Amino acid sequence: MASKMTTVCEYKPGLEGIPAAQSSISYVDGQRGILEYRGIGIEELAQKSTFLETAYLLIWGELPTKEELEAFKRDILYHRRIKYRIKDMMKCFPETGHPMDALQASAAALGLFYSKRALDNPDYIRKAVVRILAKIPTMVAAFKQMRKGNEPVQPCDHLDYAANFLYMLNEQEPDPLAAHLFDVCLMLHAEHTINASTFSAMVTASTLTDPYAVVASAVGTLAGPLHGGANEEVITMLEAIGSVDNVHPYLEDCLQRKSKIMGFGHRVYKVKDPRAKILQSLVEQLFDKTGGDKYYEIAVEFEKAVEEKLGYKGIYANVDFYSGLVYRKLGIPTDLFTPVFAIARVAGWLAHWKEQLGENRIYRPTQIYTGSHAVPYLEMTQRDPYPY
Ligand code: CMC
């Protein structure tokens with residue numbers, strides 16, 4: 001009995017290694033560098049699938065037939081526009097605000113417009129999935145335009161999901177290779193087991209609130225620099241390094257200051273993240289076509305240097321290390337990198353939301369109380385000053 005109590009009460013900071021759910025959505029083997037969505041290897045999906053097909057696979061558990069995929073794409077296309085009152089609301093956001101905050105607020109606002117929650121109705125689930133997947137990119141692109149005082153660019157009906165987003169962002173149709181590579185980036189970021197934002201989505205979902213609140217809470221969690229926000233910080237870091245010659249001095253300085261190196265390390269992967277490998281090859285394809293970038297040379301040299309110094313601790317490049325270089329080349333502003341991550345990850349959040357509803361129990365973990373007991377209430381005159 002005593003040993004059982006110890007196991008139950010053992011505290012693991014960050015819940016490391018504690019299973020918090022059973023899931024059949026994705027699988028990570030951090031020692032061998034394997035990532036699978038519904039059992040299919042990420043490398044094969046990146047080669048053969050598309051983001052929307054992958055989103056369907058994650059959410060409904062199986063690859064769609066041709067007809068199912070066509071219907072899904074048609075539904076998404078139909079729901080891409082956002083209501084003018086959402087645009088009006090977004091126009092009031094301060095232009096200096098971070099796009100992730102704008103996205104969180106607008107994702108939550110969708111719940112005001114589609115408020116008839118019916119979690120036991122498959123049609124409600126399907127429509128919510130479609131609306132969220134369809135509207136999130138439009139809202140990200142709209143904020144990018146509106147913060148400059150421009151009207152948002154309307155979605156373009158003849159462009160598919162990835163190409164349409166780049167079009168709304170840059171006001172011109174992207175080159176087919178750029179659109180394809182961006183679509184692959186979305187696939188790579190679509191799902192990753194029970195990471196911080198997904199857990200946040202699952203906790204929110206477990207209260208049986210609406211899916212817009214689920215997505216809004218996950219967006220808020222993704223925003224932090226230890227999670228999705230790292231891709232922004234990587235670019236800032238590469239710019240600060242500035243030249244290949246400065247790679248080693250910069251790294252030495254980080255190591256001396258014991259500061260975390262952005263784009264490296266992972267709770268689960270102890271080898272190079274398989275998504276980082278694919279992203280690196282995308283960067284190379286893009287630069288072959290459009291011309292190199294000195295920051296890629298710096299990145300490659302920096303990765304080698306970090307591996308030499310920290311590889312023994314299992315610290316290697318993660319998904320955020322190379323993604324920013326692709327996004328920059330596609331004309332995506334740095335502060336939109338994390339919203340772009342959200343556009344992709346929404347597929348995983350929705351898959352977990354749907355799975356959670358299937359066998360729901362509200363999340364209510366325990367804590368180990370470290371405070372005092374039976375403390376007497378001190379009258380104001382008896383209290384010592386306390387720094388405020
Ligand atoms: N740079 C330098 N040292 C590191 C790094 C890093 N990026 N990551 C981990 N370490 C060291 C850490 O100092 C610690 O060393 P020691 O045991 O000697 O004190 C050890 O490795 C374990 O680190 P941890 O912080 O306890 O590991 P964690 O599993 O809690 O954190 C992480 C994982 C991703 C938050 C962390 O590696 C990190 O902060 N990385 C930089 C931020 C980043 O790139 N985030 C994106 C993660 S991947 C995409 C996503 O999840 O969104």
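Tutor: The centres of domain 1 and domain 2, taken over C-alpha atoms, are 25 Å apart. This is a predicted model, in which local features need pLDDT of at least 70, side-chain atom pairs count only at pLDDT 80 or more, and totals for chains, interfaces and linings use all residues. Residues are numbered from 1 along each chain as its sequence is written, and side-chain values use heavy atoms, with hydrogens and water left out.

Student: Which domains does the domain assignment give?

Tutor: Domain bounds come from an automatic or database domain assignment. Here the assignment gives domain 1 (23–229 + 334–358) and domain 2 (230–329). Contact means heavy atoms within 4.5 Å; 33 residues of domain 1 are in contact with 26 residues of domain 2.

Student: Why does the ligand lie between the domains?

Tutor: Both domain 1 and domain 2 give residues to the shell around the ligand, so the ligand lies between them.

Student: How many residues surround the ligand, and which are the closest?

Tutor: A residue is near a molecule if one of its heavy atoms lies within 4 Å of it. The ligand is surrounded by 19 residues, the closest being His227, Ile261, Phe264, Arg267 and Lys313.

Student: Which polar side-chain atom lies 2.7 Å from an oxygen atom of the ligand?

Tutor: A polar contact is a pair of N or O atoms within 3.5 Å. The atom in question belongs to Arg267. A side-chain N or O atom of His227 is 2.5 Å from a ligand oxygen atom, and a backbone N or O atom of Gly263 lies 2.8 Å from a ligand oxygen atom.

How values were computed. Polar contact = N/O pair within 3.5 Å; in protein donor to acceptor, adjacent residues only side chain to side chain.
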